[in-house]
Amino acid sequence: MWEKDTSMRALVMKIERLSKAGSVWAELFERTPNATPFISYEWFRILTRNLLKADPEIMIFCDNDAVVGMIPARESDHKLTMVGDERVTDQNDMLFLPGYEHLIVQEFTEYVAAKDLGLDLYPLPLDSPLVHGLKERLPDLILQEKDPCPVLHLSSTWEEYLARLERKS
């Protein structure tokens with residue numbers, strides 16, 4: 001377990017196998033703002049079992065004993081990478097209870113700095129709280145946009161969709 005000075009309010013980060021985190025993951029997913037299917041437990045369970053053929057360790061953040069966030073990242077070869085696969089994972093991100101994102105990023109950043117780890121957080125979206133927090137805390141951080149995931153915002157009704165179409169001349 002990651003140990004540090006806890007004289008100020010801080011979270012505790014634990015490393016745990018993905019397979020052991022299913023019920024907490026589902027609860028966090030429901031409460032994470034703007035969660036996409038690509039950060040659901042079901043997506044990761046199927047991905048890791050069938051494509052990666054592994055049960056990776058992930059980062060879990062707790063306030064006292066309550067889980068308040070997760071980052072599906074794993075440490076390997078002195079680098080942190082997001083769990084996933086470029087062929088099928090369009091976006092990845094942290095899960096968090098609203099209000100805890102800054103503390104989670106702080107704990108994550110301190111862990112990375114203390115272990116002097118490299119980061120490859122592909123495919124993290126640029127509007128992620130993790131990206132914003134890392135840019136604030138790691139001045140030497142270099143963001144490099146890779147193959148972006150196209151997004152199509154759909155109308156909520158058929159009538160709205162028809163109204164958006166251009167008229168034929």
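Asn34 is found in the loop between α1 and α2. Helices (H or I, at least four residues) and strands (E, at least two) are DSSP runs, numbered from the N terminus. The model is predicted: local features need pLDDT of at least 70, side-chain atom pairs count only at pLDDT 80 or more, and totals for chains, interfaces and linings use all residues. Residues are numbered from 1 along each chain as its sequence is written, and side-chain values use heavy atoms, with hydrogens and water left out.

Phi of Asn34 is positive, near 55°. Most residues other than glycine have a negative phi, and most peptide bonds are trans. Asn34 counts as exposed, at 76% relative accessibility. Here buried means under 20% relative accessible area, exposed over 50%, and partly exposed in between (1.4 Å probe, protein chains only). Asp77 also has a positive phi, near 50°. Asp77 lies in the loop between β4 (73–76) and β5. Its relative accessibility is 77%, so Asp77 counts as exposed. A cis peptide bond runs from Tyr122 to Pro123, with omega near 0°. Pro123 sits in the loop between β7 (118–120) and α4.

The protein chain has five helices and seven strands. From the N terminus on, their order is β-α-α-β-β-β-β-β-α-β-α-α. Of the 169 residues, 37% count as buried. Contact means heavy atoms within 4.5 Å. Of the contacts with a separation of 6 or more, 66% come from residues 24 or more positions apart. The chain exposes about 10900 Å², and carbon and sulfur atoms supply 51% of this area. Accessible areas come from the Shrake-Rupley method with a 1.4 Å probe; for residues, only the protein chains shown count as cover.

Aromatic rings were examined next. Rings of Phe, Tyr and Trp (its six-membered ring) pair if their centres lie within 6.5 Å; planes under 30 degrees apart count as stacked, over 60 as edge-to-face and the rest as tilted. A search of the whole structure finds four aromatic pairs. In one of them, Trp25 and Phe44 are tilted, at 5.1 Å centre to centre and 45° between the planes. This pair links distant parts of the chain: Trp25 is in helix α1 (residues 22–31) and Phe44 in helix α2 (residues 41–52), 19 residues apart. Trp25 is buried, at 0% relative accessibility. Phe44 is buried too, with a relative accessible area of 0%. Trp25, Tyr41 and Phe44 form one aromatic cluster.

The buried residues of α2 are Tyr41, Phe44, Leu47 and Thr48. They lie on the same side of α2, because they cover an arc of only 130° around the axis. The arc is that of the directions from the helix axis to the C-beta atoms. An α-helix has 3.6 residues a turn, so residues three or four places apart point the same way. The buried residues of α2 pack against α1.

A nonpolar core is a set of buried Ala, Val, Leu, Ile, Met, Phe, Trp, Tyr and Cys residues joined through side-chain atoms within 4.5 Å. The largest such core has 41 residues; Trp25, Met59, Phe61, Met70, Ile71, Phe108 and Leu130 have the most contacts inside it. Elements giving two or more residues to this core are α1, α2, β2 (57–63), β3 (66–71), β5 (79–82), β6 (95–96), α3 (101–115) and α4 (129–137). Not counting residues up to four places away in sequence, Ile71 touches Ile58, Met59, Phe61, Met82, Met94, Ile104, Phe108 and Leu130.
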